[in-house]
Amino acid sequence: MTPTSSPCSMFGAFNLRDGYDLASFKSVYDAFCQHLKDEGYVASWRIWERARHSGYDSGFPDVEIMIEMTFVDHAAALESWDYVESRSEPMHGLHFASNKQIRDAFFVLMNEV
């Protein structure tokens with residue numbers, strides 16, 4: 001699939017490490033995403049907590065938290081990745097604060113159709 005100018009989102013699914021709770025994660029994730037928004041990469045973000053149901057849970061990884069980070073477009077998503085990977089501050093500290101709280105993580109980038 002070729003990149004588009006339509007929005008795209010990064011989805012993550014994971015569990016929190018022992019000693020962390022959803023309120024703690026939300027605080028650092030909001031700061032991380034707000035910084036990316038201030039830099040012009042991110043349009044919005046959401047945090048989801050699993051609502052267990054035997055019918056809906058078929059085949060999905062055993063994780064409790066899901067996040068969505070919606071980028072302005074595919075190009076912004078790629079630029080954001082490069083920015084995070086540059087390890088420059090304050091991004092590196094914000095990314096580390098989020099990542100140290102999670103385990104069993106799955107991430108994917110998807111273009112909206």
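User: Which residue is the bridge partner of W48 in β3?

Analyst: The bridge partner of W48 in β3 is M66. This is a predicted model, in which local features need pLDDT of at least 70 and side-chain atom pairs count only at pLDDT 80 or more, while totals for chains, interfaces and linings use all residues. Residues are numbered from 1 along each chain as its sequence is written, and side-chain values use heavy atoms, with hydrogens and water left out.

User: How many bridges join β2 to β3, and which way do they run?

Analyst: Seven bridges join β2 to β3, which covers residues 65-71, and the strands run antiparallel. Strands here are DSSP runs of E with at least two residues, helices are runs of H or I with at least four, and both are numbered from the N terminus. Two strands pair if DSSP finds at least two bridges between them. Further along, W45 has M69 as its bridge partner in β3.

User: What order do the strands of the sheet have?

Analyst: The order is β2-β3-β1-β4, in an open sheet of four strands with antiparallel pairing. β2 (42-49) and β4 (102-111) stand at the edges with a single partner strand each, so one side of each has no neighbour in the sheet. On average, neighbouring strands are turned by 15° against each other, direction ignored; the strand axes are lines fitted to C-alpha atoms, with angles between N-to-C directions running from 0 to 180 degrees.

User: And β1, how many bridges join it to β3?

Analyst: Seven bridges join β1 to β3, and this pair runs antiparallel. M10 stands opposite M69 in β3, and A13 has M66 as its bridge partner there. β1 also pairs with β4 in the antiparallel sense, over eight bridges. On that side, M10 stands opposite L109.

User: How many of the residues of β1 are buried?

Analyst: Eight of the nine residues of β1 are buried, so β1 is largely enclosed by the rest of the structure. Buried means under 20% relative accessible area, exposed means over 50%, and partly exposed is in between, with a 1.4 Å probe and protein chains only. β3 is also largely enclosed, because six of its seven residues are buried.

User: Changing topic. What volume has the largest pocket?

Analyst: The largest pocket has a volume of about 480 Å³. A pocket is an open set of points on a 1 Å grid over the protein atoms alone, with protein on both sides within 12 Å along at least five of seven lines, and lining residues have an atom within 4 Å of a point. The volume is the space filled by probe spheres set on the points, which are joined across faces, edges and corners.

User: Which residues lie nearest its centre?

Analyst: M10, F32, W81, H95 and F107 lie nearest the centre, out of 22 lining residues. α2 gives the most to this lining, with six residues. By class, the lining has 17 nonpolar, four polar and one charged residues. Ala, Val, Leu, Ile, Met, Phe, Trp, Tyr, Cys and Pro count as nonpolar, Asp, Glu, Lys and Arg as charged, and the others, Gly among them, as polar.

User: How much space lies in the second largest pocket?

Analyst: About 200 Å³. W48 and M66 are among the residues that line the second largest pocket, and A13 is also included. β2 and β3 are the elements that give two or more residues to this lining. It divides into eight nonpolar, no polar and four charged residues.

User: F32 came up. Which cluster do ring pairs link it into?

Analyst: Ring pairs link F14, F25, Y29 and F32 into a cluster. The structure holds four aromatic pairs. Rings of Phe, Tyr and Trp (its six-membered ring) pair if their centres lie within 6.5 Å.

User: Now the backbone. Which residues does a cis peptide bond join?

Analyst: A cis peptide bond joins E89 and P90, with omega at about 10°. P90 is found in the loop between α2 and α3. R87 is placed in the loop between α2 and α3 too. R87 has a positive phi of about 60° although it is not a glycine, and at 58% relative accessibility it counts as exposed.

User: What about D104, where does it lie?

Analyst: D104 lies in strand β4. Its phi is near 55°, a positive value in a residue other than glycine. D104 is partly exposed, at 39% relative accessible area.

User: Last one: is S54 buried or exposed?

Analyst: S54 is exposed, with a relative accessible area of 74%. S54 has its place in the loop between β2 and β3. From S54 to F106 there are 52 residues in sequence and 21 Å in space, C-alpha to C-alpha.

Terms used: Rings of Phe, Tyr and Trp (its six-membered ring) pair if their centres lie within 6.5 Å; planes under 30 degrees apart count as stacked, over 60 as edge-to-face and the rest as tilted. On a 1 Å grid over the protein atoms alone, a cavity is a set of points where a 1.4 Å probe fits but cannot get out, and a pocket is an open set with protein on both sides within 12 Å along at least five of seven lines; lining residues have an atom within 4 Å of a point.
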